[in-house]
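We will go stop by stop, with something to select at each one.

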Amino acid sequence: MAKASGFFTPSLRTKIRPSIGVSRSGFCLSEGIFKRVVCSSGIESAGTHVSSSQSRIPKLVNKGCKLVGCGSAVPSLSVSNDDLAKIVDTSDEWISVRTGIRNRRVISGKENLRNLAVEAAKKALKMANVEPDDLDLILLCTSTPEDIFGDAPKVLILLDAYLNGNLFMLWQSCKVQRELGCTKSQLAHDITAACSGFVLGLFSASCYIKGGGFRNVLVIGADVMSRFVDWTDRGTCILFGDAAGAVVLQACDAEEDGLLSFDLHSDGEGARHLGAPINDNENGSVLEFPPNRPSYACIQMNGKEVFRFAVRCVPQSIESALEKAGLTASNIDWLLLHQANQRIIDAVATRLEFPPEKVISNLANYGNTSAASIPLALDEAVRSGKVKPGHTITAAGFGAGLTWGSAVIRWG
Ligand code: ACO
């Protein structure tokens with residue numbers, strides 16, 4: 001099992017003392033806190049003009065980052081449990097009792113991942129009052145063509161050799177970038193971790209801001225799982241829906257820091273329980289040159305095992321993130337889990353002693369929207385006035401990989 005936990009939490013910052021100085025990557029720790037330091041590249045401040053052919057990234061570090069905007073988008077077509085009962089042997093009662101899901105949205109007509117992502121992003125930018133050209137980075141958390149749930153943990157467990165830079169992934173992010181109206185050559189890339197994608201996106205964004213000097217980062221969680229669902233499999237097709245959610249993170253002073261701690265994990269051994277892998281050559285013959293274009297399996301899931309994994313690992317991860325932040329569940333205003341199954345949400349909340357009124361849940365309306373589920377629920381909670389500036393939230397994602405992770409964040 002590979003583990004990648006931890007972050008520069010307030011409590012940890014005070015413990016880290018000896019490493020003073022500036023690394024090539026722009027990190028500087030002095031007396032245990034981040035200092036704003038200019039590296040030797042010659043770019044002097046965040047406001048310094050650089051042409052689009054130069055890097056737009058000033059080599060500074062920032063002391064904190066905060067969430068300043070959110071947005072979401074869902075397809076127009078709503079598919080109810082009764083609708084599904086017309087195509088597979090199921091019922092509204094079975095689905096709602098076992099999962100809590102009643103409806104889900106599914107793309108139709110000209111809707112696709114990209115325009116959902118752009119719509120969510122535009123709303124988040126508007127709330128944040130950030131112009132597209134002021135973005136330094138777009139992270140699109142979504143799935144990939146190799147295995148739509150991501151191959152990283154499987155590769156990691158074998159050889160720790162993970163090659164990034166998949167052209168298809170870059171293409172997806174760069175199209176979002178163009179449709180948002182960005183005219184400069186900001187960095188944009190995808191993150192692959194299915195239902196944990198958004199938490200990893202938050203972590204990556206905070207690293208880019210705190211360690212890399214980025215100022216405005218857009219994190220989008222978007223998935224159209226309906227394309228990869230076997231609509232004849234009642235065990236999986238009832239669970240998923242399509243959506244996008246987005247947040248804008250902005251550099252700020254240490255006192256305003258809103259990304260308080262993270263706890264992140266993966267377990268490639270568990271990948272056999274959940275995936276949408278590339279199909280090996282089906283007749284078992286040796287691959288010939290040139291290889292055929294591969295196809296992908298639909299989502300394959302051992303629901304019971306995934307359920308067990310979630311209720312075992314998610315509470316541990318949240319407890320660890322809370323400890324790193326120096327907080328307990330009673331200090332937290334909201335519990336916001338990946339929206340997979342109401343029974344998982346309830347079990348985790350009970351284990352952590354979060355009362356139901358502190359638990360955010362909207363999966364009855366949207367089902368499991370993978371990387372979109374946390375930002376979609378956050379956006380609804382913010383816009384409805386439930387989540388207010390200054391509120392603390394414990395968010396946790398879990399799913400294919402297997403991957404899982406928690407974040408303790410402050411809104412606004
Ligand atoms: N309608 C009616 N009956 C059904 C349906 C259905 N839609 N699906 C399964 N059944 C039947 C089964 O065939 C089985 O029948 P049997 O007893 O005659 O064999 C019975 O119901 C029980 O099936 P189980 O699979 O044991 O049902 P379970 O209570 O485990 O619920 C579920 C299944 C909802 C999938 C649950 O296991 C679950 O939610 N697992 C977690 C999934 C999850 O969280 N995924 C998150 C990650 S997703 C990602 O990363 C992209």
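The tour below starts with the whole chain and then moves from selection to selection.

**Before you click**

This is a predicted model, in which local features need pLDDT of at least 70 and side-chain atom pairs count only at pLDDT 80 or more, while totals for chains, interfaces and linings use all residues. Residues are numbered from 1 along each chain as its sequence is written, and side-chain values use heavy atoms, with hydrogens and water left out.

**Stop 1: the whole chain**

Colour by pLDDT, the predictor's confidence in each residue from 0 to 100. The chain's mean is 80, and 74% of its residues reach 70 or more. Now select residues 1-53: the pLDDT here is below 50, and beyond near neighbours in sequence this stretch has 103 contacts in the model (a contact means heavy atoms within 4.5 Å). Residues 145-170 also stay under 50, with 50 contacts beyond four places in sequence. Where pLDDT is low, the predicted coordinates should not be read in detail.

Switch to a cartoon and you have 11 helices and 17 strands. These are DSSP runs numbered from the N terminus: helices are H or I with at least four residues, strands E with at least two. Of the 412 residues, 54% are buried; buried means under 20% relative accessible area, exposed over 50% and partly exposed in between, with a 1.4 Å probe and protein chains only.

**Stop 2: the largest nonpolar core**

Select I318, L337, F354 and F398, the residues with the most contacts inside the largest nonpolar core, which has 45 residues. Such a core is a set of buried Ala, Val, Leu, Ile, Met, Phe, Trp, Tyr and Cys residues joined through side-chain atoms within 4.5 Å. Two or more residues come from each of α8 (303-325), β15 (334-337), α9 (342-352), β16 (392-399) and β17 (403-410). Which element gives the most to this core? That is α8, with nine residues.

Centre on F398: its contacts, not counting residues up to four places away in sequence, include C195, F309, V314, I344 and W404. A second, separate core of 36 residues includes L264, I360, A377 and L378.

**Stop 3: the ligand**

Show the ligand with its 26 surrounding residues, of which T90, R98, C195, K304 and N341 are the closest; a residue counts if one of its heavy atoms lies within 4 Å. A polar side-chain atom of T90 is 2.7 Å from a ligand nitrogen atom. Ligand oxygen atoms lie 3.3 Å from a side-chain N or O atom of R343 and 3.0 Å from a backbone N or O atom of A400.

**Stop 4**

Select α11 (373-383). Why is this helix largely enclosed by the rest of the structure? Nine of its 11 residues are buried, among them I374, L376, L378 and V382. Just after α11, G385 takes a positive phi of about 85°.

Follow the loop between α11 and β16 to H391. The side chains of H391 and W334 are joined by a polar contact of 3.0 Å (N or O atoms within 3.5 Å; within protein, one must be able to donate a hydrogen and the other to accept it, and residues adjacent in sequence count only if both atoms are side-chain atoms).

**Stop 5: back to α8**

Finish at E323 in helix α8. Is E323 buried or exposed? E323 is exposed, with a relative accessible area of 64%. Its C-alpha atom is 10.0 Å from that of F262, 61 residues apart along the chain.
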